[in-house]
Amino acid sequence: MKSTTPRPKRNAGVKKPLEVPFPVRSESRNDGSAPREPRRVTTRTIREMKRRGERVAMITAYDYTFARLFDEAGADILLVGDSLSNVIQGNETTIPVTLEEMIYHARLVVRGAREHAMVICDMPFMSFQVTVEEGFRNAGRIMKETGAGGVKIEGGERVADHVRRMSEAGIPVMGHLGLTPQSIHEFGSYRTRGTTKEEASRLKHDAKALEEAGVFALVLEKIPAQLAKEVTDSLQVSTIGIGAGPHCDGQVLVMHDMLGLTEEFHPRFVRRYASLANTVREAVSKYDSDIKKGKFPNKEESY
Ligand code: KIV
């Protein structure tokens, strides 16, 4: 017979999502108390952090539960990276992930980023390459359909017009230079970029072009630390490094790498802050054995 006992809701007791995603600065308060700082990170916060020399902590996220934990832990930016193609979908490259899939995951992450973090969603391969207008329309879809605070786009001067079109319409854009995984078939490898004089000067030129076009921040992936320092010092906007040394204005890691879920991936720039793969395997193996031995559930775990 079907139980009539109501099943406790999984999210019972959980705080309701903020109804106002950007808590307003309370200049209008008339009780004499000091105005509260807005807590939600915005492009303005990122600009101010650069001015004050404060570092930006960015981490990738792809779902509600992790986004919520990262938000509570104080991460400034949650990036719905197209690395979701690799770590969530199990593809070899970032090429296959679609705009629809990015939108779906970005929505989940926005739901989890309840208090603090800004959510940025990657524009996947072929969502912006065809024309500036198509890229603009797709960036607009991401903003409207997910609630993200901005988009990220790979490429240098060749995407400057895209960036200009989007930022003029109020869509915050993060650039991405150095190793740009969507161009894997153009380069043929994931080697360090910017190691020759020509590549380094091209990258500096691209960084300036993106800044002039309106990016609010720029990911620098897998380039020499000295080059990242020179780019960082030359820009008003924040640089966010991954494999780009310690001089960037912020850092980003893929969550599966820094939490030790992807054990087979060992680039030197990844620092593992946990070994979740082991923890998960051990937990599930104990669960499996408890079930098979009739140890789970016990009396206290039954009704
Ligand atoms: O897709 C991604 O996760 C990224 C980061 C590595 C910067 O672009």
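1. Helices α5 and α6. In this predicted model, α5 (residues 132-146) and α6 (residues 160-168) have axes that come within 9 Å and cross at roughly 45 degrees. Axes here are lines fitted to C-alpha atoms, for helices over the stretch in contact, with angles running from 0 to 180 degrees between N-to-C directions. Helices are DSSP runs of H or I with at least four residues, strands are runs of E with at least two, and both are numbered from the N terminus. The two helices are therefore oblique to each other; under 35 degrees would count as roughly parallel, over 145 as roughly antiparallel, 65 to 115 as roughly perpendicular, and the rest is oblique.

2. From α5 come Val-132, Glu-133, Gly-135, Phe-136 and Ala-139; from α6 come Asp-161, His-162, Arg-165 and Met-166. Contact means heavy atoms within 4.5 Å. By class there are 4 nonpolar, 2 polar and 3 charged residues. Ala, Val, Leu, Ile, Met, Phe, Trp, Tyr, Cys and Pro count as nonpolar, Asp, Glu, Lys and Arg as charged, and the others, Gly among them, as polar.

3. Basis of the values. Residues are numbered from 1 along each chain as its sequence is written, and side-chain values use heavy atoms, with hydrogens and water left out. As the model is predicted, local features need pLDDT of at least 70 and side-chain atom pairs count only at pLDDT 80 or more, while totals for chains, interfaces and linings use all residues.

4. Helices α4 and α5. The axes of α4 (residues 99-112) and α5 come within 9 Å and cross at roughly 35 degrees. This crossing is right-handed. Leu-99, Glu-100, Ile-103, Ala-106, Arg-107 and Val-110 in α4 touch Asn-138, Arg-141, Ile-142, Glu-145 and Thr-146 in α5. The classes are 5 nonpolar, 2 polar and 4 charged.

5. Aromatic pairs. The count is 2. Rings of Phe, Tyr and Trp (its six-membered ring) pair if their centres lie within 6.5 Å; planes under 30 degrees apart are stacked, over 60 edge-to-face, and the rest tilted. Phe-66 and Phe-70 form a tilted pair, 5.7 Å centre to centre with 40 degrees between the planes. They sit 4 residues apart in α2 (residues 64-73), so about one helical turn separates them. Phe-66 is partly exposed at 25% relative accessible area, whereas Phe-70 is buried at 9%. Buried means under 20%, exposed over 50%, and partly exposed in between (1.4 Å probe, protein chains only).

6. Around Phe-296. Tyr-287 and Phe-296 also form a tilted pair, 5.9 Å centre to centre with 55 degrees between the planes. Tyr-287 is partly exposed at 47%, and Phe-296 is partly exposed at 37%. A cis peptide bond joins Phe-296 to Pro-297, with omega about 0 degrees. Pro-297 lies in the segment after α11 (276-292).

7. Backbone points to check. Most residues other than glycine have a negative phi, and most peptide bonds are trans. Met-126 has a positive phi of about 75 degrees. Met-126 is in the loop between β3 (118-122) and α5, and is partly exposed at 42% relative accessibility. Lys-222 has a positive phi of about 50 degrees. Lys-222 lies in the loop between β6 (217-221) and α9 (225-234), and is partly exposed at 23%.

Methods:
A crossing is left-handed if the near helix is turned anticlockwise from the far one by less than a right angle, and right-handed if clockwise.
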